Amino acid sequence: LAKLEPLVLKVVNDGNVRLSDMRFDLDGDDKDKFEIVNKKDLYLLSLEKGKSLEVKIKPKEVLTLEDVDKVFNLKLSVEAKGIEKPVTKDFTFKLKLDQEARKEAIEKAKAAAKEEVSTLKYLLEDQVKGINRKIDEIKKPGDTDSIVKDAVALNLTNAKSKIDEEINKLQNLTDEEKKGFKNSLEKVEKVEDAENIKNEAESKNKANKEALDKAKLKAKSEMKENLKDLSDTEIQGFEKEIEEARTIEKVNKVVANAKSKNKEKQEARQAAEKLAEAKANAKAEIAKEKLQDLSDTERQGFENEIEKATTIDLVNQVVERAKAKNQENKNARDALNKSKADAVAEIEKMESLDSKEKDDFKKQVNLAKDTSEVEDIKKAADARNTEKKSEKEENDKIKKAKEALKNLEENGNPSASEIQKVQGLIDQLKDGETKTGLQKRLDLIKSANELKLLKDDAIKEINSLEN
């Protein structure tokens with residue numbers, strides 16, 4: 001129908017007046033199946049005496065193959081200013097089907113459809129063969145549309161499945177990251193978008209791998225430089241665990257274990273050194289020059305106890321007994337108690353600790369054996385207080401950013417300054433999944449806002465077109 005030449009009717013003014021404000025329309029039994037293609041050019045046209053014009057008629061797309069060789073009936077309706085309504089004769093005609101052109105069109109449609117199917121790279125060989133068989137069986141050119149559409153949909157399904165499998169194989173993505181990419185993959189409606197998600201996943205996997213390798217190198221270097229109490233065998237064992245780690249978290253855990261082991265051995269070494277030093281000092285403390293009232297037998301007995309002592313506390317106890325000076329013991333206890341009281345008072349002032357944490361730290365203080373331990377507990381409590389304060393500040397920032405982002409999403413038409421304000425709030429956050437998630441949501445708003453601005457500019461430009 002698109003290539004069909006119009007049926008041309010010649011209208012002649014053979015009267016003695018000029019015709020103006022002319023209008024043309026179709027009438028007759030089959031008027032709904034045809035149209036005047038140059039009707040707009042003929043609207044309110046004038047026709048001088050003796051002049052003529054052409055009315056061009058073509059079938060509408062409602063016609064089908066069943067209309068071939070049927071007899072159609074039409075009549076031209078003409079109106080003009082200043083004359084009675086003219087009477088025109090109706091006329092009949094037939095439509096013939098160009099079989100060769102139709103066959104050629106079908107073959108072109110088949111070739112075009114197969115060509116398009118050949119570009120769908122995610123289709124399997126058997127699937128392509130099946131689709132091509134359907135294409136070969138079409139009866140009219142338009143039949144390929146639904147076949148190609150189904151093929152495109154199948155190609156997208158195959159692409160999603162393959163890309164899903166490839167994402168599963170990316171060893172340096174976390175389960176949460178894989179889940180996020182897969183959720184995005186499920187929502188796409190184009191192969192290009194699916195491939196973009198695949199590229200993003202691969203980029204993230206690569207970034208994670210690079211970060212992991214960097215963390216491993218740093219961890220190994222830190223162990224060799226700082227963990228001096230570990231043996232070569234122990235370091236080699238921890239290095240092997242680091243090399244086998246798949247995540248930075250696992251690397252950090254291995255490092256933490258190595259530090260713990262090093263600390264354990266360091267404390268054992270230091271404890272042994274301190275104990276030896278304490279014993280030497282204790283023997284000096286109970287020497288005749290200082291404890292003149294001890295007998296040689298008593299002194300020898302205390303020295304034997306000191307030598308057998310397994311802890312500094314035991315050594316000190318021997319020294320205390322040897323000195324037989326309760327006041328010195330009392331002074332020592334008083335000093336420890338004062339240290340504990342001061343520590344408990346300071347812990348009570350730590351506003352970021354909850355009551356349970358305060359009680360736990362105070363309990364540790366009360367169980368402490370010396371002022372050094374009390375100081376360590378107080379430092380630990382202060383560190384925890386600082387940590388919780390920092391966490392609260394970060395959570396407050398996150399809450400503020402989320403609320404601002406939610407308001408922005410509900411606004412529907414945010415300004416650039418509003419978007420920039422939310423961007424500023426997100427930029428203040430620490431790097432992590434929460435910040436990444438909020439940034440993605442804001443990026444969607446930015447994209448939508450930019451699209452709206454583009455549409456608004458396009459509408460303004462269209463409205464400015466005078467013709």
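Here are legends for several close-up views of this predicted model.

**View 1. Helices α8 and α10 side by side.** The axes of α8 (residues 248-285) and α10 (residues 312-323) come within 9 Å of each other and cross at roughly 5°. That angle makes α8 roughly parallel to α10. On the α8 side, look for K274, L275, A278, K279, A282 and E285; their partners on α10 are I312, V315, V319 and K323. Sorted by class, the contact has 6 nonpolar, no polar and 4 charged residues.

**View 2. The largest nonpolar core.** This core has 22 residues, and F24, V55, I57 and L76 touch the most other members. Strands β1, β2, β3, β5, β6 and β7 each supply at least two of the core residues, with the largest share, 5 residues, coming from β6.

View 3. Within α11 (residues 326-348), D342 and K338 sit 4 residues apart, about one turn of the helix. Their closest N and O atoms are 3.1 Å apart, forming a salt bridge. D342 is partly exposed at 35% relative accessible area, while K338 is exposed at 53%. E346 of α11 pairs with K378 of α13 (residues 371-411), linking distant parts of the chain; here the N to O distance is 3.5 Å. K378 is buried, at 18%, whereas E346 is partly exposed, at 37%.

**View 4. A salt-bridge network.** D354, E357, R384, E387 and K388 are linked to one another through a network of salt bridges. Across the whole structure, a search finds 34 salt bridges.

Notes. Residues are numbered from 1 along each chain as its sequence is written. This is a predicted model: local features need pLDDT of at least 70, side-chain atom pairs count only at pLDDT 80 or more; totals for chains, interfaces and linings use all residues. Side-chain values use heavy atoms; hydrogens and water are left out. Axes are lines fitted to C-alpha atoms, for helices over the stretch in contact, and angles run from 0 to 180 degrees between N-to-C directions. Angles under 35 degrees count as roughly parallel, over 145 as roughly antiparallel, 65 to 115 as roughly perpendicular and the rest as oblique. Contact means heavy atoms within 4.5 Å. Ala, Val, Leu, Ile, Met, Phe, Trp, Tyr, Cys and Pro count as nonpolar, Asp, Glu, Lys and Arg as charged, and the others, Gly among them, as polar. A nonpolar core is a set of buried Ala, Val, Leu, Ile, Met, Phe, Trp, Tyr and Cys residues joined through side-chain atoms within 4.5 Å. Buried means under 20% relative accessible area, exposed over 50%, partly exposed in between (1.4 Å probe, protein chains only). A salt bridge is a side-chain nitrogen of Lys or Arg within 4 Å of a carboxyl oxygen of Asp or Glu.
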